[in-house]
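Trainee: I have a new model open and would like to go through it with you. Can we start?

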Amino acid sequence: MRAHEAGALHGDLGFSGPSWLRTPQDVNALVPQLWPRTVERTAGGEMAVGGVNIRKIAEQHGTPAYVLDEEDFRSRCRAFKEAFGGAEVFYAGKAFIATHIVRILVEEGLSLDVCTGGELAVALRGGMPPERIGLHGNNKSVAELTRAVEAGVGRIIVDSFDEIDRLTTIAKQTGTRPKVMVRVTVGVEAHTHEYIATAHEDQKFGFSLSGGAAAAAVDRIITEQALELRGLHSHIGSQIFDTSGFEVSARRLLQLQAAIHDKHGIELPELDLGGGFGIAYTTQDTPAEPRDLATDLMRIVKQECAALQLSVPHLSIEPGRAIVGPAMFTLYEVGTVKDVDGIRTYVSVDGGMSDNIRTALYDAAYSATLAGRASTEPPILARVVGKHCEAGDIIVKDEFLPADVRAGDLLAVPGTGAYCRSMASNYNHVPRPPVVAVVDGESRVIVRRETEDDLLKLDVG
Ligand SMILES: *Cc1c(COP(=O)(O)O)cnc(C)c1O
C-alpha cells in the first residue's frame, strides 16, 4: 500500500538509482574495465583515445559518432587468439562488421562468422580468405547458400532439414561437397549471470538434441554423402559470465559425438562451442579474462572426451561482443537538460534508440561520462535519453553525472561496439552515425555518416 508518494518509498523505487549504482567518489573518473584501453583523461580534463582529444574528434567528425579504439580491438583479438591456442577463433560479424574490421581480423589471424549474404559480401570485400569464413543463419536463402558455396566458404552451419535439402541440391549443381557443421540446440539457455539447463529447447535455431532432430540431421548428412560433415556446433546465448553453461553444452554435444562414433564409426574432427562471452557495461559486471575462459573450456572438453573415450576434436569459438564491445564508445552532444520533479535529471543527446536499441530492446544497462571537460560539481542522478519521438528512447537509464552537465557538453557512452551500429535504424529519418577509428594520434572514418540525401534516395516516390 502506498502510504505517501513522497515517503520512504522513494528509496525503494530507485530515486537513488538501482542498488548496484554507487555514487562515484570522483565523477570524472574513468572506470578502466568499461573503457577501451587507450582512453584517458588529459590534464585539461577532456577525454582522449588513441592519443586524440575527444573534442578534436567531435569537431572533425561531428556527433553522434561511434569511436573505435583500434589498438584495443586488436588487443582483444590477440587475447582470444593466444588464450585459445590451437583453437580457431571466429569473430561473430553480426556484432559489428566493416571492411576495415575484416582487414584487422585477417592480420590478427582470426576467422569470421557471417549470417547473411550482406555480411558475407563485407567479409569477402574485406579480404577474408573464404576458407576462414563460416556461414550461419536459420533461414539462409538459395541465393545466399549458392554464393557461399561458390565463394568456397570454410563451413556452413546447417540449421534445418530444409537447408540440408537446398544445400544438397546446390552441391550437386555445382559439383562441390560443402563443409558443414550441424547446429545443435542443447537445452542450455544462458543469459547474463545465469544459465538454465532444460530438457527441451523452444526456439528457432538449430536441431533439437532432446527430440532427436540433431541425430537425424547427422545421420542424413553422413549417409547421403553430398555434404562433408565437419562437426557439431552450439551457441548457448549471450553476455555469459561463467563457463558452467558451456560445460553442460559441451557434455551434451560430446555425448552425441560418442553416439555418432558408435553408430557410424566416425569421430567428427571439429567442435564449436559458440560465443556469448560477457563484457562490462557498468560497474556491476565482472567479465572473465579470455585466458581463464580458455583454460576452463579446454579442460571441460578434454575431460568429457576422456570420459567418453573420444579423441579431442579441433575446437572453435565465436566471440563477437567480447572483442568489439569494449573497443568502441559512442560520442554524443548534449542538447537539453531537464530536471523532472526533483526525481532525476533528463539529459537529451543528439542520437538515441536509432544508434543504440539495446537499452529499449533488452533492458540493457549502460554508463556514461562527461567527455569534453572535467567538472568539480557533485554528482546527480541522471538519465541519458535520445531525440526520438518515443518515451522509451533511453540510452542510459541510471547514471551519476556532474550537476553542471549542460547543453553543448560532450557525453561518451562506453561498451557500444557490439550490436549498436549493427542494429542501428533510421527511425524518425535520423541518419546513422559514422564509425571513426582512432589509432596512434590519428582518427579516420571507416563507416561514413549517413546523410538525409542517402535516405531520400531510397524514397522513389
Ligand atoms: C551471436 C552469435 C555469436 C556471438 O555472440 P556474442 O555474444 O557477440 O559473443 C556467436 N555465434 C553465434 C552462432 C551467434 O549467433
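Trainee: Leaving aside neighbours within four places in sequence, which residues is Cys-389 in contact with?
Mentor: This is a predicted model, so keep that in mind. Setting aside the neighbours within four places in sequence, Cys-389 is in contact with Tyr-427 and Asn-428.

Trainee: Where does Cys-389 lie?
Mentor: In the loop between strand S20 (379–385) and strand S21 (394–402).

Trainee: Is Cys-389 buried or exposed?
Mentor: Exposed, because its relative accessibility is 66%. The cut-off for exposed is over 50%.

Trainee: New topic. Where is Leu-34?
Mentor: Leu-34 is also in a loop, between helix H1 (9–12) and strand S1 (40–41).

Trainee: And is Leu-34 buried or exposed?
Mentor: Leu-34 counts as buried, because its relative accessibility is 4%. Buried means under 20%.

Trainee: What is Leu-34 in contact with, leaving aside its neighbours within four places in sequence?
Mentor: Ala-280, Tyr-281, Thr-282 and Thr-283 are in contact with Leu-34.

Trainee: How many Å separate the C-alpha atoms of Leu-34 and Leu-232?
Mentor: 34 Å. Along the chain, Leu-34 and Leu-232 are 198 residues apart.

Trainee: Let's do helices. How do H5 and H6 pack?
Mentor: Two packed helices are described by the angle between their axes and the distance between the axes. For H5 (residues 117–125) and H6 (residues 142–151), the angle is about 25° and the axes are 10 Å apart. That makes H5 roughly parallel to H6. The crossing of H5 and H6 is left-handed.

Trainee: Which residues meet there, between H5 and H6?
Mentor: From H5, take Gly-117, Leu-120, Ala-121 and Leu-124. They meet Glu-144, Arg-147, Ala-148 and Ala-151 in H6. By class, this contact has five nonpolar, one polar and two charged residues.

Trainee: What about H6 and H7? At what angle do their axes cross?
Mentor: Roughly 45°, and the axes come within 10 Å. Helix H7 covers residues 161–174. H6 and H7 are therefore oblique to each other. Their crossing is right-handed.

Trainee: Which residues of H6 and H7 meet?
Mentor: On the H6 side, Val-142, Leu-145, Thr-146, Val-149 and Glu-150. On the H7 side, Glu-163, Arg-166, Leu-167, Ile-170 and Thr-174. The classes here are five nonpolar, two polar and three charged residues.

Trainee: Switching to H4. Which residues in H4 are buried?
Mentor: H4 spans residues 99–108, and its buried residues are His-100, Ile-101, Val-102, Ile-104, Leu-105 and Glu-108. Just after H4 comes Gly-109, with a positive phi of about 80°.

Trainee: What phi does Gln-309 have?
Mentor: A positive phi of about 55°, although Gln-309 is not a glycine. Gln-309 sits in the loop between helix H10 (290–308) and strand S16 (314–317). Its relative accessibility is 70%, so Gln-309 counts as exposed.

Trainee: And what phi does Asp-341 have?
Mentor: About 50°, positive again, and Asp-341 is not a glycine. Look for Asp-341 in the loop between strand S17 (328–340) and strand S18 (344–349). Asp-341 counts as exposed because its relative accessibility is 69%.

Trainee: Last one. What kind of peptide bond joins Thr-63 and Pro-64?
Mentor: A cis peptide bond, with omega about -10°. Pro-64 is in the loop between helix H2 (54–61) and strand S4 (65–69).

Methods: Residues are numbered from 1 along each chain as its sequence is written. This is a predicted model: local features need pLDDT of at least 70, side-chain atom pairs count only at pLDDT 80 or more; totals for chains, interfaces and linings use all residues. Side-chain values use heavy atoms; hydrogens and water are left out. Axes are lines fitted to C-alpha atoms, for helices over the stretch in contact, and angles run from 0 to 180 degrees between N-to-C directions. Helices (H or I, at least four residues) and strands (E, at least two) are DSSP runs, numbered from the N terminus. Angles under 35 degrees count as roughly parallel, over 145 as roughly antiparallel, 65 to 115 as roughly perpendicular and the rest as oblique. A crossing is left-handed if the near helix is turned anticlockwise from the far one by less than a right angle, and right-handed if clockwise. Contact means heavy atoms within 4.5 Å. Ala, Val, Leu, Ile, Met, Phe, Trp, Tyr, Cys and Pro count as nonpolar, Asp, Glu, Lys and Arg as charged, and the others, Gly among them, as polar. Buried means under 20% relative accessible area, exposed over 50%, partly exposed in between (1.4 Å probe, protein chains only).
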